[in-house]
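Colleague: I would like to learn how to read helix packing in a model. Could you take me through it?

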Amino acid sequence: MNYADLFRVTMPETALEMAALVVLIVDLGLLRKTALGVRVTVAALLGVAGCGAALWCISLQTGFGLYVDGALVLANGGVVAVAQAGILVLTALTLMLFIGADFTRHAAEYVAVVLMAATGGLLVTSARDLLVIFVGLELLSLGLYILTAFGKKSGKSAEAALKYYLFGGMSAAFLLFGFSYLYGLSGSTNLYWIQYNIAETGTSPLFYVAWILVVAGLGFKVAVVPFHLWAPDTYEGAPAQAAAFIASVSKVASFALLLTISRNLLMPGGPISGQKDVVEHLLRNEYLAWQPLAAILLIVAAASMIVGNLAALVQVSVRRLLAYSAIAHAGYILLGIATQRTYSGQGSTFEFFLGTTGPASLSTNAVFYYLLTYGLTIIGAFGVVAVVEHATGSDRLDSFLGLHKRNPLLAAVLLLLFLSLAGIPPLVGFWAKFNLFAAVLSVNAGPVPFALVALAVAMSAVSLYYYLQVLKRVYVMPAIDETPIKAHPVSMAVLLLIAAAVVVLGCFPALLLGWIGSF
Amino acid sequence: MLAWTIYLSFAGALLLALLPNGRNALARWLALAVAVAGLALVVRGFAEGMGQGRITIVDIPWVPSMGIHFMLAADGISRVLILLTGLAAVAGVLFSWNIELRTNEYFAFYLALIGGVYGVFLSFDLFLLFVFYEIAIVPKYFLIAIWGSTRREYAAMKLAIYSFAGSAMVLIGLLAAYTAAGSHSTGLVDLARANFPASFQMWCFPLVFTGFAILAGMWPFHTWAPTGHVGAPTAASMLLAGVVMKLGAYGCLRVGIALFPRGLDPWGFYFIGLGSWRDVFALLAVIGIAYGALVAMVQADFKFVIGYSSVSHMGFVLLGLMTLNQIGVTGAVLQMFSHGIIAGLLFAIVGRIVYERTHTRKLAELESMHLSKRLPFAAVAFVIAGYASIGGPLFSGFWAEMQILIGAWMVRPWWTMAAGVGIVVGVAYTWRAMQKAFFSDAVPSTHTLETEHDHQLAAITWPEVTGVVMLTGVSLLVGIWPRVLLDSIEPAVKTLLAGGVR
């Protein structure tokens, strides 16, 4: 390793950090006397420029990443590039929604924290070493705690941040505990060596303890049952723009990490090389270890789908509704991560492994497709909630009454986004679901994955009910108050852009699928 | 050219959605123009397709990595059903002429629904078919919830949930079939060639068939239909009964029976006298026929009578499908067309012509209004429509139900006998409703307002006359000269039964 390589690999992260510093300098140094609106706009646009610069850096990157002692520490290219590009685009969109917001006077600090949290997200997606992963994750999480607390005028915001912080601290402890077991079992912090060493020696019960701890820690980050309790409170209390960031960017990054860990550390067929009989031996050990690990994820997935969808049915706050629906969506995604072909124990594991690589990359792509489109949609949904909340002072279902009269365009955007979340074709959410479920079944069409896919499809039929509860108030029920709702033109433009993307990507799903597949 | 029916409908919907509020007359004429243009395209396509098999209209790769094609094609069955859609669309616009509330949005949802229906009937890619099938759900919800009447929000939500649950079952079956066929194509033609193992078909067939049959109003999953029909505004109930229920029946035939024919094979054992899925679904169909008719007998609300009669008549369609012989399935397709026209007519008379003037649908209150004298046009129209509905000769329903009954007799004579009970009761409930609503001599009770009886009912308008004449004419034409449709249906059914859609 040399520092030039390190710089080359972390160029996108560096670009974001530079942008954060520039925002702070410009806002706190040059614009001290200017009006809040101008400061917010300048800060947000600088942040967007930083995201653009980071995107450009990603497009310049070549090679696979940074190696230390022959083991990959920071990856780039491939699906990492997809996830990072997705994180940057979603960050830019949430920053655009910040323009026109007035929940805080600290424009530069807000944008800087968003950018730093996004840096953490980028780091998490590319890291292949437990220590780097943990540092990245903490950078992301600390940013999110601060963002949740940014609504200083609202008591709910402070409460939500405290809850989030306490739960988050505990989950970080779990994760670290699990990581220390992995280190103790394998003598290395690098995912490659951990997998190799564990496969060589065979698994011990401690390995499963470690995995359960890691699942608890990461399950908290992605908000799956039973580690989901923070999500409704945080989504409800945080400023809408911050909630959009938490629901999209943090989710993409955390799921990318979960995917990295399960694909590179646990799922059979990580970077293995050597003599044929050695490989055979290693793979066999890995396959034997993987089944119970996957079972844990599948149980969590099923629980999330059921609890998330059923709990969302009775919500009266739209933000809490979105939080529970996010839990359900996380359940669908986990299904894509956990499913792997079952090895029967007979015949050559190596040949079996060769037969699984194609479908595995298919399901990885499907997971990212789902994550990115979901992130896009949920940002739009929170954008609409932000506008309505700004006008009516509440995010309860009843504050959406008669929205189609008060702002027809906003109502149409909400219609498209919610139908997409419910999975109605030809909107993008439908393709995400279909693509994911088809990938799951092409990996393993056995009875268990099939039953879980059937459960997921049935549960998304349930989800239509609560999305329609909101749309019913928007379009059907009579308005109490018919005064028009004004949205900031930039917010409106962003929301229209997102709605257009949801329709266009839905009508031409090959665009995004092809793009993800091309890496 | 037929593909333009879909594009035109969606374009019209988009245009109407963007139209500023308050331009009601413009919105109406625009919707009528789109519907008529669609009908013209359909008639032309129907005439061109006479005597031909399946004609591919469009076939371009849509999602190449998953083998999904944007493939539109039409065979004899599709052509008959899009003809029905075109007619129902025009009639629906005519009977919605008096919508004043949010007119442009109304017609936007209406045309979006029509576009989805055209899409389903023309799709020859299973996936595309499913996409259009789902597109049709959302407009239905809003049409009923916003412009409906009795318990409209409940009715709309119930309908949406039932439809979505049904399509979830279909989606599971679709995913299973796609995976089992090797995940490289979703074309109906390719899937029909896939030769799914019999054990797979045995569970996938009932899943997909039930999923579609929910929308076709199969007993005991029919309960959305009467509430939905009654809650919906007139044109929406015309479309619901007229074409949307046919989407379900069409899916049963085109997907369920054509892709999984061996799912209908005998199980090899008997369970309470049932030996195959075919027996199960035929039994449910027969129960639907008799149950719908019996319940229609005792309804107090005029529109509920028609709503339950739809359940009964759709039972005939499902029974026809389960005969699996040439004459029975042909009858089922003809019944889809025939019921689409006649149910549309009945809902138009009850919901638009009568209700909009009397503001009641209670048969007990209509009894004292002497409508045969005050609304002679409605009375005559209802007599004709009622006669057509009970399957009287000279109208389309006669040929359809007769073919189904013959087909059923050839398989299991008791199916025919049980369905015959439904026909007899059908005569009774139609008669009862006709008598009570139009020809009763009851004296007004003291409860009803005197003024209600003195004031003149609004005159019949031209859109109503046009609509009634058009629908009656079509039913009469098919009744006198059934070959016009049978020439299309028969060869298509023959190919379909001979081996899916190969």
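Modeller: Gladly! Two packed helices are described by the angle between their axes and the distance between the axes. Here helix α13 (residues 302–323) of chain B packs against helix α18 (residues 396–411) of chain B at an angle of about 45°, with axes 9 Å apart. Axes are lines fitted to C-alpha atoms, for helices over the stretch in contact, and angles run from 0 to 180 degrees between N-to-C directions. Helices are DSSP runs (H or I, at least four residues), numbered from the N terminus.

This is a predicted model: local features need pLDDT of at least 70, side-chain atom pairs count only at pLDDT 80 or more, and totals for chains, interfaces and linings use all residues. Residues are numbered from 1 along each chain as its sequence is written, while chains are lettered from A and ligands numbered from 1 in the order in which they are written.

Colleague: Which residues make the contact between α13(B) and α18(B)?

Modeller: Residues are in contact if their C-beta atoms, placed from the backbone, lie within 7 Å. From α13(B) come B:Phe316, B:Leu319, B:Gly320 and B:Thr323, and from α18(B) come B:Glu401, B:Ile404, B:Gly407, B:Ala408 and B:Val411. By class, five are nonpolar, three polar and one charged. Ala, Val, Leu, Ile, Met, Phe, Trp, Tyr, Cys and Pro count as nonpolar, Asp, Glu, Lys and Arg as charged, and the others, Gly among them, as polar.

Colleague: How does α18(B) pack with helix α21 (residues 462–480) of chain B?

Modeller: Their angle is about 50°, and their axes are 6 Å apart. That makes α18(B) oblique to α21(B). In this pair, B:Ser396, B:Phe398 and B:Trp399 of α18(B) meet B:Ser475, B:Val478 and B:Gly479 of α21(B). The contact has three nonpolar, three polar and no charged residues.

Colleague: Now the chains: how many residues of chain A are in contact with chain B?

Modeller: On the chain A side there are 25 residues, in contact with 27 of chain B. Elements giving two or more residues to the chain A side are α17 (428–443), α18 (447–476) and α20 (510–517) of chain A. The largest share, 12 residues, comes from α18(A). By class, this side has 22 nonpolar, two polar and one charged residues.

Definitions and conventions
Two residues are in contact if their C-beta atoms, placed from the backbone, lie within 7 Å. Angles under 35 degrees count as roughly parallel, over 145 as roughly antiparallel, 65 to 115 as roughly perpendicular and the rest as oblique.
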